[in-house]
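Look at the model first, then read on.

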Amino acid sequence: MAENRATFVAVACGLVLWMGCWTEWIPSIVRLLAIMPLVLFLPGFLLLRALLPKKKEVDFECVILSIGMSVASTIAFGLVLHSLNAMNSAGWGVAVTLVVLAALWRSTFLGRGQNFGSFFPRSAFGLNGASIVCCGIVAILVTGGIALASYGSANHRQFAYTELWMVPFDSHSNERVTIGVRNKEQKQSSYDLEVLVNDKLLVRWPAFDLSEDEEWIKQLPIPMDVDLGQRVEARLYNHDAPLRLYRRVWLSRTNIMDR
Amino acid sequence: MSNGNARLTHQSADQQFASSIVGATPGSRGRTIRNSRSSIWTIILRVLGVATIDQRADPLVKSSRPIWSQAIAINAAVAVVLSAFAANASRNGHEWAVPGFYLSIALLFFPAVARLVLPDVSRSERIANLTIAALGLFMLRVIREPQFFTGFDEYLHWTTAQNIVERGHLFTPNILLPIGPSFPGLEVVVTAIAQLSGVSIFASAMVCLAVARALFVGALFLIYERVTGSARVAALACVFYMSCSTFVFFDTSFSYESFALPLMTLVLLLDLQTRAAARRALGPLFLALLIALQALSMTHHVTAYALAGILLGYAGLELVSGGPKAVGLPLALAAASAILIPVAWSQAMGNPGTAYLGPVFENALRDVSQFLQFGSSTRKMFTSDDGTVAPLWQRLTTIASVALTCLGLAFGFFRSLSWAGVPFARGLAPKTWSSILAWTNSRLVLLTLLTLLYPVSIIFRFTRSGWEIGNRIGPFAFLGVGVVIAIGVTTFLPQGTRSVWRASGIAVAATVMLLGGIISSEGPRILVPAQYQVSADAASIEPMGINAALWTKEWLGAGNHFAADRINRLLLSTFGRQLVSTTLQHGYDAGKVLVANKLDAEERDVIQKLSIDYLFVDLRLTTGMPVVGAYFDGAAADQMLTAPPQANALLKFNAIDAVSRVFDNGSAIVYDVRGLNGRK
């Protein structure tokens, strides 16, 4: 029994330490599955065990109360972490570790030889071979349903479009602008782009192709004789309708000079 | 709480406990007022259940039959897959999608209910079937929005959660929902899971909401079981609770009510534990109750006050029926704590609820008053604000749902009071004033009286401003509606009756009630449609708008001050991490700047006062009227728009010298107006 306890604690502490955000290489879904009982069941379970030590068996009521008290105590933990200015992954990691240590203390000193696993007899959940197979089928079907819906949602693109933008290069420079084009036409597209300063052509990029989701970004020096009220303007033409002005953006002198 | 006249003939200790609570007299069904004549009045009384005592403990079922639960679980999983096909079909514009989705809900729900209705089902099987039904319905919510939030309120809370993760502390102001950060219980738990596991806030929210749903239904079952002494009635009560319009989708959204309701049932369950606990366990249980109450107070204001009302009502009924001794110290302390803790929390947060809720209740009561005087505030039923009318089958299902609920209440109201030991409902002529009030089960009396909120919620739902309040009353009214109808149903299908037809009939009725509840909340817009719709929440949130919001974060940086319509505000605030202007925050309507025909002094003044940096113009607003009734937030800009805004008005900034046009995707245009906001 002592070995069981030690194993439980070692595994739980190890999980918490590994998962508490110091490691990135464990897939988040694995960390999620391991973290869930530690946050959404264990705190309440321990709290109830501490408050009501005479209640030994784990029944439906105990499970529900454990979940409920875990949610409630997690909210209380949050308030404490906020007051300690530690409401981050490290803070939560420490809080969960403390809960696991409380489990160790609880099972060692208050459990009177009862190991943690004995609280959860297999029969209490009615698990047998058929139930496990059923759970597996249900899990596969539900996961399949979610995957199907996710696929449908990800591929539901109502609009085919192209983004064009122009922003000052950075906050320290007033001599350059950044111009960008992103193709979201759901197909490869060809574009012409021209930049005008005070309605005079500064530069032209003819016939560049972008595949779906591809970006085209250029930094462009701007002459410093831009008058008040004038613009640096970018005009984009799509080869599907080459005579029609497809997109346009501009920066007024105010925005360029004050950057 | 005891009844000296009860004849206990039960086999199990549980059933003895049940009888001691409800004052049951097993086997004494059908006892009516003596010397009553065979008149119509007597028949009406008998139909209503006056003078009929129908408390019966559950039959002793020796062993559970897991094969049924397994079959119901697989059926539910198949229904989830079918609902996924329907959701995808809706995105592809197939007309059968919405009926197909509702059909999958029925397929999921019906078998579980049909099994729960039967008398000879074990308690463990009832719990299993109930959990399958509840979590199966939750999965439909995941199927509906599998990748990102689509509900309006969800984005408000997502902003608060993002603020917690980014800032590392609570109470960061949230412009979209100023009251939200003061009640961060939901966001605390969700961000804890997200930060520890590394999953997104969305994924963490789905997990937490599923756990909250299991907690809610499990706690509700245990409460009903303790109050009525019957696992069968408890399971059916949970089933009928599910027909509340908010149960399936609204109360599983990423919003504070979704967490508050499970916490409320947790407190009620703990309160029940304190009443049944030994003296030594009272202190620890009360400590647990205080922790749960504090969590609830940190999660949602209205639910915390509703719980205080329920506990006060219970204490009041105990006081009336049994005097101060019947109330007892634990209940008195619980009721006092349920009032003091939320009030103290609200005071500590600066009492944000008054400004937030005051106008909502004021407008709702004004509209209800006009409605009762046949005024003009009536909502056009089954018609959305853009004029879309719900299909006939949906209208009929909703009407049938309300009719069945009313029928169930009529059938169960007096039977429930009788079950609670109310003398006049048992047909006992009152001899003294105190004998009128000498019921034996105050909790059941309270739950029965809570059903009176149901017609109130219906009246609110008929009005424009009151609709939302009517919707929010539902979860509390249905605490009573569920159990009262369940008691009525057990009368209709008494023990020993193995009629599959009767059981199927009740399961069909429960399924119709569930579908009607969902339709009255979601209607024809239950799924994301193929085509974009203007200001229609889930039908307006799509990748182009999301990418535009993401662009602002990437190329303009976070924290700029934007003015935008109500949908793009959400996207800019969450995906773009920008600050957005709302009338709720400053009292200035930035929407007027966007839709005005000219940029006059008034509009320039708003830009300066709100220190707006960028305007986000969505030309898709010109394509239709807003489905939910507002392009912005219902203030002046919306009131001046009786038709869709003109493109010329939205594009007026093209002609302003000091304005730059920094982004254009053909529909969304971002204007840089820092040259006008006076900060330069």
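## The interface

How many residues does the contact take from chain B and from chain A? It takes 92 from chain B and 79 from chain A, with contact meaning heavy atoms within 4.5 Å. This is a predicted model: local features need pLDDT of at least 70, side-chain atom pairs count only at pLDDT 80 or more, and totals for chains, interfaces and linings use all residues. Residues are numbered from 1 along each chain as its sequence is written.

About 7300 Å² is buried between chain B and chain A, and carbon and sulfur atoms give 70% of that area. Buried area is the accessible area (1.4 Å probe) that two parts lose on being put together, summed over both.

Two salt bridges are counted between chain B and chain A. A salt bridge is a side-chain nitrogen of Lys or Arg within 4 Å of a carboxyl oxygen of Asp or Glu. B:Arg226 forms a salt bridge with A:Glu61; the closest N and O atoms are 3.7 Å apart.

## The nonpolar cores

The largest nonpolar core has 238 residues. Such a core joins buried Ala, Val, Leu, Ile, Met, Phe, Trp, Tyr and Cys residues through side-chain atoms within 4.5 Å; buried means under 20% relative accessible area (1.4 Å probe, protein chains only). Among the residues with the most contacts inside this core are A:Ile179 and B:Tyr224.

A:Ile179 is in contact with residues including A:Leu164, A:Trp216 and A:Ala234, leaving aside its neighbours within four places in sequence. A second, separate core of 29 residues includes B:Val534 and B:Tyr631.

How values were computed
Chains are lettered from A and ligands numbered from 1 in the order in which they are written. Side-chain values use heavy atoms; hydrogens and water are left out. Buried means under 20% relative accessible area, exposed over 50%, partly exposed in between (1.4 Å probe, protein chains only).
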